[in-house]
Amino acid sequence: MTQVESKPTTNDTPFVPIEKIVALCKRRGFVYPNSEIYGGVSGIYDFGPLGVELRNNIRRYWWWSMVQLHDNIVGIEGAIITHPRVWEASGHVENFVDRLVDCKNCKRRFRIDHLPEENVIQNKCPECGGELMEPRTFNLLMETYLGVVEGERMQTYLRGEACQNIYLDFDNVVKSSRVQIPFGICQIGKAFRNEVTPGNFLFRQREFEQWDLQFFVHPSEMLQWFDYWKEKRFEWYMGLINHKDRLHFREHGPDELAHYAKQAFDIEYKTILGWQEWEGIHWRQDWDLSRHSEYSGQDLSYTDQNTKERYIPWIVETSGGVDRTFLNLLLDAYEEEPDPTGKEPRTVLRLHPALAPVKVAVLPLQKNKEELVTTARNIHKKLQRLMVSQYDDVANIGRRYRRQDEIGTPYCVTIDFQTLEDRTVTVRERDHMTQVRVNIDELPAYLLERVTWQ
Ligand code: GAP
């Protein structure tokens with residue numbers, strides 16, 4: 001897919017406040033607070049008409065790049081609920097915990113790993129300076145129950161990370177498809193965590209969606225594939241953002257690494273929240289398949305068809321968040337720029353055209369001229385079969401352009417009096433506001449070339 005044009009930023013380029021994105025999302029139907037009429041639920045959101053389009057485009061683009069374009073990668077879709085032993089084997093029952101402290105004075109609650117070091121040493125609240133209570137440990141797994149008869153119900157969990165299904169289905173995939181190592185299994189799916197400090201809108205939620213690649217390799221090729229996927233995923237994100245200087249790698253320090261990991265990197269993006277993880281590239285070695293072999297009693301080793309060598313494959317994981325991508329792309333794309341005509345500032349979402357929720361808006365210049373309206377409606381009907389198209393005849397043309405800019409629509413097509421004479425329409429491009437005339441018959445191909453990934 002073509003890359004988003006770089007939008008040079010300097011250290012002075014302001015970061016977009018999260019509140020602006022929250023307001024835009026609510027106003028234009030991208031994201032709503034869940035159960036709002038009951039006062040809402042912290043850390044859980046619903047996606048509105050434009051949000052669901054953007055989300056689907058983000059997911060589809062990941063799937064296309066990761067599964068469709070690779071002969072040695074296949075996809076699965078596992079269930080949210082699994083056998084409870086899965087979470088013992090994965091280490092989540094024992095280790096998936098946050099250590100928290102409460103302030104005796106202001107009653108605020110903090111994750112110890114988010115506190116500045118001096119506050120931990122001095123046992124002092126970062127907000128009010130009050131004394132902190134003894135730390136307490138909370139498990140993040142969300143419990144649920146299977147069965148209807150009280151006393152016979154089985155306690156289990158909503159999955160705390162989506163990737164576990166991939167290990168559970170590893171042997172089934174090997175036996176049912178023709179994959180051979182090195183190969184990958186991809187999945188996009190919901191995960192649930194009882195985050196004790198959810199916040200910053202979609203950034204840290206209790207119900208969210210992850211995308212994972214688990215790439216299975218021979219141990220001798222681990223380093224080569226780890227480096228390969230690290231670079232590949234970085235390039236992928238780079239292609240989607242305007243502010244190219246706001247993306248970097250952060251290597252995990254020795255104290256952050258899981259005991260089986262030789263190295264781990266986060267792809268981080270800088271927003272008003274500072275540098276924050278967007279996706280993790282993890283060296284999982286043989287930890288997952290070995291643990292599930294041990295806990296289930298099933299042999300999850302792999303036999304090389306050529307050499308007959310039998311071994312537990314090692315795994316490179318690339319694990320990112322659909323919701324974090326959604327939020328970061330909005331923060332990256334949002335811009336308010338002065339109006340060249342001196343009126344209100346223009347709000348524009350410079351989203352990659354292939355990800356934009358609406359691809360084209362079809363606008364008759366005037367709504368009281370029947371011929372303009374009929375022609376515009378016909379064009380809209382044709383385009384609608386190929387891409388998300390919106391017909392709009394309410395308000396003057398300038399306001400209609402603004403409405404589309406604000407939701408990131410890359411092209412507006414205006415039907416005017418010249419259209420009736422020569423069958424050409426004006427196509428206005430969102431970022432530079434340039435206009436060209438295109439013949440109606442060539443319009444679908446003109447737009448498709450610009451709004452699809454290929
Ligand atoms: N299987 C590895 C794993 O789950 P993780 O770093 O905990 O690793 C992977 O999660 C990605 O999922 C993160 O990089 C982030 O994009 C997303 N993510 C994690 N917790 C999240 C939360 N509470 N809300 C939204 N996204 C989250």
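The structure is a predicted model, in which local features need pLDDT of at least 70 and side-chain atom pairs count only at pLDDT 80 or more, while totals for chains, interfaces and linings use all residues. Residues are numbered from 1 along each chain as its sequence is written, and side-chain values use heavy atoms, with hydrogens and water left out. Helices (H or I, at least four residues) and strands (E, at least two) are DSSP runs, numbered from the N terminus.

**Ligand site**

- The ligand is surrounded by 20 residues, of which the closest are E161, R193, Q205, E277 and E317; a residue is near the ligand if one of its heavy atoms lies within 4 Å of it.
- By residue type, this shell holds five nonpolar, six polar and nine charged residues, where Ala, Val, Leu, Ile, Met, Phe, Trp, Tyr, Cys and Pro count as nonpolar, Asp, Glu, Lys and Arg as charged, and the others, Gly among them, as polar.
- At least two shell residues come from each of the strands β10 (207-217), β13 (274-285) and β16 (314-321), and the largest share, five residues, belongs to β13.
- Among the polar contacts (pairs of N or O atoms within 3.5 Å), a polar side-chain atom of E161 lies 2.7 Å from a nitrogen atom of the ligand, and a polar side-chain atom of R193 lies 2.9 Å from an oxygen atom of the ligand.
- The backbone takes part as well, with a polar backbone atom of W278 placed 2.9 Å from an oxygen atom of the ligand.
- On its own the ligand has 550 Å² of accessible area, and the protein covers 91% of this, as computed by the Shrake-Rupley method with a 1.4 Å probe.

- An open sheet of seven strands runs in the order β3-β9-β10-β16-β13-β12-β11 with mixed pairing, two strands being paired if DSSP finds at least two bridges between them.
- Because β3 (73-75) and β11 (247-251) stand at the edges with a single partner strand each, one side of each is left without a neighbour in the sheet.
- Ignoring direction, neighbouring strands of this sheet are turned by 25 degrees against each other on average, with axes taken as lines fitted to C-alpha atoms, for helices over the stretch in contact, and angles running from 0 to 180 degrees between N-to-C directions.
- Strands β13 and β16 run antiparallel and are joined by six bridges, and W283 stands opposite V316 in β16.
- Helix α9 (residues 287-296) packs on the sheet and touches β10, β13 and β16, its direction making about 55 degrees with that of β13; contact here means heavy atoms within 4.5 Å.
- Helix α8 (residues 222-238) lies across β3, β10, β11, β12 (264-271), β13 and β16, and runs at about 155 degrees to β13.

**Three-stranded sheet**

- Another open sheet has three strands in the order β5-β4-β6, with antiparallel pairing.
- Its edge strands, β5 (109-111) and β6 (136-139), each pair on one side only, and the twist from one strand to the next averages 40 degrees.
- Three bridges link β4 (residues 97-102) to β5 in the antiparallel sense, and L100 stands opposite R111 in β5.

**Backbone details**

- I181 and P182 are joined by a cis peptide bond with omega of about 10 degrees, and P182 is placed in the loop between α7 (170-176) and β9 (183-192).
- S35, although not a glycine, has a positive phi of about 50 degrees, and S35 lies in the loop between β1 (31-33) and β2 (45-47).

Terms used. A polar contact is a pair of N or O atoms within 3.5 Å; within protein, one must be able to donate a hydrogen and the other to accept it, and residues adjacent in sequence count only if both atoms are side-chain atoms.
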